[in-house]
Amino acid sequence: MPRHCAGCSKTFEPRPQVPDQAYCSSPECQRARKRQWQKDKLRSDPDYQANQRAAQRAWSARNGEYWRGWRQAQQVSAARDRVSSARNDGRRLALPGIAVDPAKMDVSILPPDLYWISLRPDLPSRSDSSWIVEITPLGETDRERWTRQEMT
Ligand SMILES: [Zn+2]
């Protein structure tokens with residue numbers, strides 16, 4: 001029997017394997033479902049809450065380092081540009097002494113933006129001290145919703 005999605009309230013047909021499916025299969029609503037799952041889990045499971053906090057702290061520590069590396073890489077590349085244009089002018093310019101750890105310069109990565117970070121407890125983790133997380137760019141809908149919330 002069709003029902004209304006708890007996320008977007010559009011009508012959808014629950015899958016036979018998931019008789020009490022509350023969210024439709026759109027990626028946006030599936031993310032909403034996961035967030036809801038985590039909220040409930042946080043309320044009901046103190047261990048999960050502690051793990052989640054630790055994971056977030058670890059992540060922001062790593063992320064801070066990551067962006068420091070990224071900014072340094074930007075500075076180095078800007079300095080290189082200045083050097084090569086100075087050479088073209090026949091002047092000489094020294095590279096400023098910026099120490100860059102090559103391990104932190106994998107620039108194949110996420111551009112500066114807002115992202116969701118969700119734990120994926122449904123995927124196997126290698127150890128008790130590591131977690132698989134999903135990093136999803138903030139959708140337009142979320143952005144708009146939050147901008148509206150900020151204004152009201
Ligand atoms: Zn939906």
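Leu119 touches Gln38, Gln52, Ala55, Trp131 and Val133 when residues up to four places away in sequence are left out, two residues being in contact if their C-beta atoms, placed from the backbone, lie within 7 Å. The structure is a predicted model, in which local features need pLDDT of at least 70 and side-chain atom pairs count only at pLDDT 80 or more, while totals for chains, interfaces and linings use all residues. Residues are numbered from 1 along each chain as its sequence is written.

Leu119 belongs to strand S3, and it counts as buried because 20 other C-beta atoms lie within 10 Å; a residue is termed buried if 20 or more other C-beta atoms lie within 10 Å of its own, exposed if 12 or fewer, and partly exposed in between, with C-beta atoms placed from the backbone. Although Leu119 and Glu134 are separated by 15 residues in sequence, their C-alpha atoms are 6.3 Å apart in space.

Trp131, one of the residues touched by Leu119, is found in the loop between strand S3 (115–119) and strand S4 (133–137). Trp131 is partly exposed, since 19 other C-beta atoms lie within 10 Å. Not counting residues up to four places away in sequence, Trp131 touches Ala55, Leu119 and Ser125. Gln52 stands 79 residues from Trp131 in sequence, with a C-alpha to C-alpha distance of 9.1 Å.

The protein as a whole has 3 helices and 4 strands, where helices (H or I, at least four residues) and strands (E, at least two) are DSSP runs numbered from the N terminus. Along the sequence these elements follow the pattern β-β-α-α-β-β-α. Of the 152 residues of the protein, 4% count as buried, and among contacts between residues at least 6 apart in sequence, 34% join residues at least 24 apart.

In the loop between strand S1 (3–4) and S2, Ser9 has a positive phi of about 55 degrees although it is not a glycine. Ser9 counts as exposed because it has 10 C-beta neighbours inside 10 Å.

Confidence is expressed as pLDDT, the predictor's confidence in each residue, from 0 to 100. The protein averages a pLDDT of 77, and 76% of the residues score at least 70. Confidence is highest in strand S2 (residues 11–12), at a mean of 96, and lowest in helix H3 (residues 140–151), at a mean of 66. Over residues 91–98 pLDDT stays under 50, and for these residues the model has 11 contacts beyond four places in sequence.
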